[in-house]
Amino acid sequence: MKTFKTTLVMLCVFVLGYIFINQVDVSAEDTCEEQLTIMIEGDILTAVGESPNYDKYIKVYDSCNNDVTDIFGYHIVNYKIDLTKEGVYPALVSVYNDSIKEFINLSFEVEVKKDKTKPEISNYHQHYYFEIESDLSEADFLKGVTVIDDMDDNPQLSIDYESVDINSEGIYDITFTAEDKSGNIETVEVKVHVVKELPEYLEEDNINVEVSNVMPDLKQFITIDKFYREHATLEVAYGDFVYNKLGRNDVTVVITFFNIQKNILVNVNVIDSTKPKISGEKNIKLKKDSLFYWDKYFTVKDNYDRKENIDIEIEGHFDIKETGDYNLVLRATDSSGNIARYPFTLTIANKGSSFIVWTAIIVGVIAIGAGGTLIYYKKFKRD
Ligand SMILES: [Ca+2]
Ligand SMILES: [Ca+2]
């Protein structure tokens, strides 16, 4: 019985919650759509003989700033627009808001004007390169090209490339032609190069880069074939390139040369070609039969390897049991085989040598002291 009651209560809560949520949703939408605003975005301009493209300029927004033009639609009350004559004509746009059963209106002007301006062609290439006997289509020229016109939203572009003989090497002139609805024509001339064979793009697709703590600019290391050099642009897709660890990385280089765009995989080897740096003493003195610890006198550092991975050796012969001056070299080799050398002199002296020096100093001091006493005594006697 208790379980039944609980179930009933939960069911009620669920149903009430469902109704509440839906009501909130509906009322939220209602609130937004109760108030609509018509916006005219830009000056409405059309060529003589052409209907204005109202969709480009007229937008309906609700109070939540949603574009609801498609939902509500609009109606143009065309007072006296004469498309055959130049002039500025008043008109009205009307939207029926069925949420509140009301019309909203906005007056505006349409300017009808002769289109005397040519379309503009842009983003084409001055030169196009094709290998002999390749397939040629209009799409090869159209890619990326844009045509805009002040009064025609869709000016026509045509490309005449019939003069190009793709089976014969040479340089051909071709024409791009853009025309708006009013018959204004723009043309551009470009050159088509039909070549026997396009050279390889990169001089080397396997490059070495020194290991570093900062990302190197790989463009500095990549050299393009001289055929492309002057006009090509180069972008490097670094991807997961690891610059602070030795190893091989694949990097994609995008080369753009007029109409040609090529992705090339480049092997970038991160290497260590820097020898370790040694600093320390130039002259080391040791007593005979003592031990020679190199790291007491020298510091060895490497750009990549830690101390334990650097191999240290002494070049040259010395005998700790034999006094004398030994000319030696400290040699440090990093894990990539780079070698640094540091020459120094090791002097091995007799154990007693310091005793002799100290004896000489003490004798000297006594002698100077005695001399002083003698001078003082003489002076005293004279007075
Ligand atoms: Ca035009
Ligand atoms: Ca190194």
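This is a predicted model: local features need pLDDT of at least 70, side-chain atom pairs count only at pLDDT 80 or more; totals for chains, interfaces and linings use all residues.
The chain as a whole contains six helices and 22 strands. Of its 383 residues, 13% are classed as buried. When contacts between residues at least 6 apart in sequence are considered, 58% of them join residues at least 24 apart.

One open sheet consists of four strands in the order β13-β16-β15-β14, and its pairing is mixed. The edge positions are taken by β13 and β14 (233–237); each has a single partner strand, so one side of each lacks a neighbour in the sheet. From one strand to the next, the twist averages 35°. Inside this order, β15 (residues 247–257) and β16 (residues 260–271) run antiparallel and are connected by 11 bridges. Phe257 is placed opposite Ile260 of β16.

Val211 is located in the loop that connects β13 (206–210) with α5 (226–229). It counts as partly exposed because 19 C-beta neighbours fall inside 10 Å, whereas the buried class requires 20 or more. Apart from neighbours within four places in sequence, Val211 makes contact with Asn244, Leu246, Val270, Ile271, Asp272 and Tyr304. For one of these residues, Asp272, the separation from Val211 is 61 residues in sequence and 5.7 Å in space, taken from C-alpha to C-alpha.

A further open sheet of four strands has the order β18-β22-β21-β20, also with mixed pairing. Its edge strands are β18 (283–287) and β20 (311–315), each of which pairs on one side only. Neighbouring strands in this sheet are turned against each other by 30° on average, with direction ignored. β20 and β21 run antiparallel and are joined by five bridges. Glu315 has Val329 of β21 as its bridge partner.

The largest nonpolar core comprises six residues, namely Val300, Leu330, Ala332, Phe344, Leu346 and Ile348. At least two residues of this core come from each of β21 (324–333) and β22 (339–349). The greatest contribution is that of β22, which provides three residues.

Conventions:
Residues are numbered from 1 along each chain as its sequence is written. Chains are lettered from A and ligands numbered from 1 in the order in which they are written. A residue is buried if 20 or more other C-beta atoms lie within 10 Å of its own, exposed if 12 or fewer, and partly exposed in between; C-beta atoms are placed from the backbone. Two residues are in contact if their C-beta atoms, placed from the backbone, lie within 7 Å. A nonpolar core is a set of buried Ala, Val, Leu, Ile, Met, Phe, Trp, Tyr and Cys residues joined through C-beta atoms within 7 Å. Two strands pair if DSSP finds at least two bridges between them. Axes are lines fitted to C-alpha atoms, for helices over the stretch in contact, and angles run from 0 to 180 degrees between N-to-C directions.
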